[in-house]
Amino acid sequence: MSNTPYINVTINDKIATIDFYHPASNSFPSTQLADLANTITQLNNNSSVLVIILKSSGDKAFCAGASFDELLSITNLEDGTAFFSGFANVINAMRTSNKLIIGRIQGKTVGGGVGLAAACDYTFATKNASIKLSELAIGIGPFVIEPAVSRKIGKPALAEMTLDAENWKSAQWAYENKLFTELFDDAVAMDEALEKFATRLSSYNPEALYEMKKVLWEGTQHWDTLLKERAAVSGKLVLSDFTVNALNAFKTK
């Protein structure tokens, strides 16, 4: 596989598939997050598309969250806020999209990647798709993605994940707590079911699908402001002595 990051879109029979890749376990630098948000938003204008499938390349990691290299380079509040706004913009693009979004979660998912999964309207996952919110371990928290995650799994499960920041939760746990809608033993079975589901969904009345999308996201109109405020919280914390020391310790491992 190439080491060049990319975001590709293919459209086939009313279904748009967004495929993202980064050599660092499908993590996201801010430029690629901006590209993803723009890609999702641009599909709003394509009336021939009714359903979006969000997937990543490879078979190990779905998404390792935000770019750790870029996180290490932050030196001021403005840059920190801008950095953490990346996932905020993607989640808001998914929330306000006029298409239903299906997530294909084939492997491990960390931090912002959990937020992406939570912002999907329906998710297919394999038993290899364990999840973790590790932010507290480096002195910050999953503040930007929290509204999306809490909306899916509830505050008690969010607390369980967040406070146990150094341990993975199994894909079965994610399924039982409604982050994953359907769970499969392997990617072959998952992809077969996903294709059938997306094809069936795309055959429904477009107006009904759009109205259902609005119903699913009722009560989230304030997220444009909320997620920006959360990005500023993380942007401040990443400059703290605790986080700087934690990041430097991680860097020297």
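By contact I mean heavy atoms within 4.5 Å of each other. Also for the record: I'm working on a predicted model.

**Entry 1: Leu116.** I started in helix H4 (residues 112–119), where Leu116 lies. Skipping neighbours within four places in sequence, I get Leu116 in contact with Phe20, Phe28, Phe62, Cys63, Phe87, Val90 and Met94. Is Leu116 buried or exposed? Its relative accessible area comes out at 0%, so I put it down as buried, the cut-off being under 20%.

**Entry 2: Met94.** Next I followed the contact from Leu116 to Met94. The two are 22 residues apart along the chain, and their C-alpha atoms are separated by 8.6 Å. With neighbours within four places again left aside, the contacts of Met94 are Ile40, Leu54, Ile101, Leu116, Ala119, Cys120 and Lys213.

**Entry 3: the cores.** How many residues does the largest nonpolar core have? I get 59, and Met94, Leu116, Leu179 and Phe180 are the ones with the most contacts inside it. Helix H3 (residues 77–96) gives the largest share of this core, 8 residues. Apart from it I found another core, of 14 residues, including Ile15, Leu100, Ile102 and Phe184. General reminder to myself: in soluble globular proteins, nonpolar side chains tend to be buried together.

**Entry 4: the rings.** I listed the aromatic pairs and got 10 in the structure. One of them is Phe20 with Phe62, edge-to-face, at 5.5 Å centre to centre and 70° between the planes. This pair links distant parts of the chain: Phe20 is in strand S2 (residues 15–21), Phe62 is in strand S4 (residues 61–63), and they are 42 residues apart. I checked burial too: Phe20 counts as buried at 1% relative accessibility, and Phe62 is buried at 0%.

Then I looked at Phe28 and Phe87, also an edge-to-face pair, with 6.0 Å between centres and 85° between the planes. Here the link runs from the loop between S2 and helix H1 (30–42), which holds Phe28, to Phe87 in helix H3, 59 residues apart. Both Phe28 and Phe87 are buried. Which residues make up the cluster with Phe20? Phe20, Phe28, Phe62 and Phe87 form one aromatic cluster, and Leu116 is in contact with each of these four.

**Entry 5: charges over rings.** The charged end of Lys108 sits over the ring of Trp168, 4.6 Å from its centre. I also have Arg151 over the face of Trp217, at 3.5 Å from the ring centre.

Notes: Residues numbered from 1 in each chain as written. Predicted model: local features only at pLDDT ≥ 70, side-chain atom pairs only at ≥ 80, totals over all residues. Heavy atoms only, no water. Core = buried A, V, L, I, M, F, W, Y, C linked by side-chain atoms within 4.5 Å. Buried < 20%, exposed > 50% of the residue type's maximum accessible area, 1.4 Å probe, protein only. Helix = DSSP H or I, 4+ residues; strand = E, 2+ residues; numbered from the N terminus. Phe/Tyr/Trp six-rings, centres within 6.5 Å; stacked < 30°, edge-to-face > 60°. Lys NZ or Arg CZ within 6 Å of the ring centre and 35° of its normal.
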